[in-house]
Amino acid sequence: MVYSIVAYGDTVLRKKAEEITKDYPELDKFIANMFDTMYDSSGVGLAAPQVGKSIRVFIVDGEPFAEDDEAMIGFKKVFINPVMIDETGDKWAFNEGCLSIPRIREDIDRHPNITLRYFDENWVEHTEKFDGIKARIIQHEYDHLEGILFIDKLSPLKRKLLQGKLNDISKGKVRTDYRMRFPKLK
Ligand code: ZN
C-alpha cells in the first residue's frame with residue numbers, strides 16, 4: 001500500500017520522533033508499505049515522519065545510484081531506533097532533495113563518515129560504519145527523525161530565496177507524480 005507523503009509545512013516533520021518497542025503493532029506491514037511508498041515516488045530513502053508517523057524508523061534503497069557507484073548495489077536496509085554515534089571527516093557537498101520538499105534541490109555539506117547504532121527489521125542490533133553516498137542518505141533520513149530538514153542547513157540568504165517556493169509547497173501548489181498530503185491545502 002502506498003501512503004501519501006507529508007509535505008513541507010506539516011508539524012509532524014518538525015517533531016523529534018519516538019523510539020518504538022518490539023511490540024509496535026503491525027511493524028512488518030508498515031515497513032512493507034514504506035517500501036511501496038518510496039518506490040512509487042522514486043526515492044532512495046524514506047523516514048516514518050514523512051508518512052505522518054512520528055516514530056524512529058527509516059528505510060533506504062540506494063539502487064538508483066548503483067550504476068555509477070557499485071558500493072550502492074544491494075544497499076537496501078531498514079533502520080529502527082537508530083542512534084548516530086559519530087560523524088567525522090571534512091565535510092563535502094552533495095546535491096540533496098527530499099520527497100517532502102519536491103522540486104527543490106541544493107548542495108548540502110555533511111561529514112563523509114558516520115557510525116550508526118540501530119536495529120534491523122528482525123530486531124538485530126548493529127553498530128556499523130558507513131561512508132560516501134550511503135552515509136549521506138542515512139544522515140538525511142536520520143535528520144527527519146530529529147525534526148530537521150535539509151533546507152535547514154542552507155545559509156539564511158539561500159533559505160530566504162526559497163521561502164516563496166516552500167510556502168507554495170505547503171499549500172499544495174506543486175506538481176508531483178506521487179501522492180502528497182499538504183498541511184495548508186485550502
Ligand atoms: Zn527528506
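A: **Strand 3 and its surroundings**

Strand 3 and strand 4 (residues 76-88) run antiparallel and are joined by five bridges. Strands here are DSSP E runs of at least two residues and helices are H or I runs of at least four, numbered from the N terminus, while two strands pair if DSSP finds at least two bridges between them. Before we go further, please note that this is a predicted model, in which local features need pLDDT of at least 70 and side-chain atom pairs count only at pLDDT 80 or more, while totals for chains, interfaces and linings use all residues. Residues are numbered from 1 along each chain as its sequence is written, and side-chain values use heavy atoms, with hydrogens and water left out.

Within strand 4, Lys77 is the bridge partner of Val60. Strand 3 also pairs with strand 2 (residues 45-47), again antiparallel, through three bridges. There, Leu46 stands opposite Ile59 of strand 3.

How much of strand 3 (residues 57-61) is buried? Five of its five residues are buried, so the strand is mostly covered; buried means under 20% relative accessible area, exposed over 50% and partly exposed in between, with a 1.4 Å probe and protein chains only. In a regular strand, side chains alternate between the two faces of the sheet. Here Val57, Ile59 and Asp61 point one way, Phe58 and Val60 point the other way, and all are buried.

Nonpolar side chains tend to be buried together in soluble globular proteins.

In the loop between strand 1 and helix 1 we find Glu26. Most residues other than glycine have a negative phi. Glu26, although not a glycine, has a positive phi of about 55°, and it counts as exposed at 53% relative accessibility. Trp123 also has a positive phi, of about 65°, without being a glycine. Its place is the loop between strand 7 (113-119) and strand 8 (125-131), and Trp123 is buried, with a relative accessible area of 17%.

To finish, let us turn to the metal. Which protein atoms are the donors of the zinc ion? They are SG of Cys98, NE2 of His140 and NE2 of His144, at 2.1 to 2.2 Å from the ion. Donors are N, O and S atoms within 2.8 Å of the metal (3.2 Å for Na, K and Ca), and sites may look incomplete because water is not among the atoms. The donor residues follow the spacing C-x41-H-x3-H in sequence. Cys98 belongs to strand 5 (residues 92-98) and His144 to helix 2 (residues 132-145), so this pair, 46 residues apart, links distant parts of the chain.
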